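Cover its packing, its charge pairs and its surface.

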Amino acid sequence: MSQLVSIIIPTYNRAHLIGETLDSVLEQTYLNWECIIVDDGSTDATEKLVGKYIKKDKRFRYYSRPINSIKGANACRNYGFELSNGEFIKWFDSDDVMLPNLLEKQILSLNKDIDVSVCKLNSYDFDKGISIKENRIFSTYLIEDYFIGKISFYISGPLWKRSFLEKQSDLFDVSITNLDDWDFNLRMLYQKPSIVYIDEPLIQYRMHGGSLSQEINKLNFNEIQSEFRARKKHLFLLKKNKLANPVVLQNYIKARYKFILREALVTKDENRFYYLKKLSISQIEVFDFRGFIKTIFGFTSFSVFNKGYKLLK
């Protein structure tokens, strides 16, 4: 196959990292690609650095997100898709690294009946030079296990056929900042694409404290709200399309709120009462009245006496 692959990379203040990403694109053994970088309004030297790659190789193209678009990686991805020409689409992040044979192996795995090729990623600590873990990509219960995180594709694992993406009414939801790839991949999976799996990590997923995925662990209130907007959105969709058991999904959301409430209690986060309310509502929705009582008692006990944390486990 010699079809064009469009690599679409949103970026924001990644001048210190994106060079390594673009180097890995240049090292691809599959040569027929274009790389579209869409800047989300960087204030560092990103534009200058990317300019050096454009001078080196005309397959790189650089754009700024339109000023009338909502800020965020999703708007950049949608815009990049509009600008792309490839028969295949590879979304990628500006701090991750492709192994040299990534595109070649994914292209070779496709045929006319396949909509998407999915490979594994290797979570990698670049500072220490060590691998942390590989993601799981295959499941008999694909939708349900993707929802609850037993499997994950991330944004860059799949290589999509453009013809499949063009059939979708929407691509990336610009209102979601956290779980943006999770939201996109799930909605694509609802359309029942034909998938081929490559049981091999072909991407190094960079683990670092500045990544958006770490903001939940920092109790970033806006990102936590974005996460649960996304989860509630998909719970509603799955109740309509009946592709997974909604009770399993509701219990997962409940467990997520419980985890966040525990962290908020220990750190005395100012939004802990908000998380208490959300957890209580989710427990009532699944008729977990025993859990509701334990939550109220544990929250009160820990708040007053600094004891009772175990009741929230």
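The report below goes from the basis of the model to packing, salt bridges and surface.

## Basis

This is a predicted model, in which local features need pLDDT of at least 70, side-chain atom pairs count only at pLDDT 80 or more, and totals for chains, interfaces and linings use all residues. Residues are numbered from 1 along each chain as its sequence is written, and side-chain values use heavy atoms, with hydrogens and water left out.

Helices (H or I, at least four residues) and strands (E, at least two) are DSSP runs, numbered from the N terminus. Buried means under 20% relative accessible area, exposed over 50%, and partly exposed in between (1.4 Å probe, protein chains only). Those areas come from the Shrake-Rupley method. Contact means heavy atoms within 4.5 Å.

Helix α1 covers residues 18–26. Its buried residues are Ile 18, Gly 19, Thr 21, Leu 22, Ser 24 and Val 25. An α-helix has 3.6 residues a turn, so residues three or four places apart point the same way.

What do the buried residues of α1 pack against? The partners are strands β1 (5–11), β2 (33–39), β3 (60–64) and β5 (97–98), together with helix α2.

## Salt bridges

The whole structure holds 20 salt bridges. Each is a side-chain nitrogen of Lys or Arg within 4 Å of a carboxyl oxygen of Asp or Glu. Arg 61 pairs with Glu 34, with the closest N and O atoms 2.6 Å apart. Arg 61 is in strand β3 and Glu 34 in strand β2, so this pair ties together parts 27 residues apart in sequence. Glu 34 is buried, at 7% relative accessibility. Arg 59 bridges to Asp 57, the closest N and O atoms being 2.7 Å apart. Arg 59 is partly exposed at 25%, while Asp 57 is buried at 13%.

Lys 233 forms a salt bridge with Asp 173, again described by its closest N and O atoms, 2.7 Å apart. Lys 233 sits in helix α8 (residues 221–241) and Asp 173 in the loop between α6 (162–165) and α7 (180–190), so the pair links parts 60 residues apart in sequence. Shared partners join Asp 173, Asp 183, Arg 187 and Lys 233 into one salt-bridge network. Lys 233 is partly exposed, with a relative accessible area of 24%.

Is Lys 254 buried or exposed? Lys 254 is buried, at 13% relative accessible area. It lies in helix α9 (residues 246–267). Leaving aside residues up to four places away in sequence, Lys 254 touches Leu 279, Ser 282, Gln 283, Val 286 and Asp 288. The C-alpha atoms of Lys 254 and Leu 279 are 6.0 Å apart, although 25 residues separate them along the chain.

Lys 55, in helix α2 (residues 46–56), is exposed at 72%.

## Surface patches

Patches are built from residues with over 30% relative accessible area and no salt bridge; like charges are joined within 9 Å, and nonpolar side chains (Val, Leu, Ile, Met, Phe, Trp, Tyr) within 5 Å. Lys and Arg count as positive and Asp and Glu as negative, with His and the chain ends not counted. The place of a charge is NZ of Lys, CZ of Arg, CG of Asp or CD of Glu. Lys 48, Lys 52, Lys 55 and Lys 58 form a positive surface patch.

Ile 284, Phe 287 and Phe 289 make a nonpolar patch of about 350 Å². Phe 287 is in the loop between α10 (272–285) and α11 (289–305). Phe 287 is exposed, at 65% relative accessibility.

Conventions: Areas by Shrake-Rupley, 256 points an atom, 1.4 Å probe, with all protein chains shown as cover.
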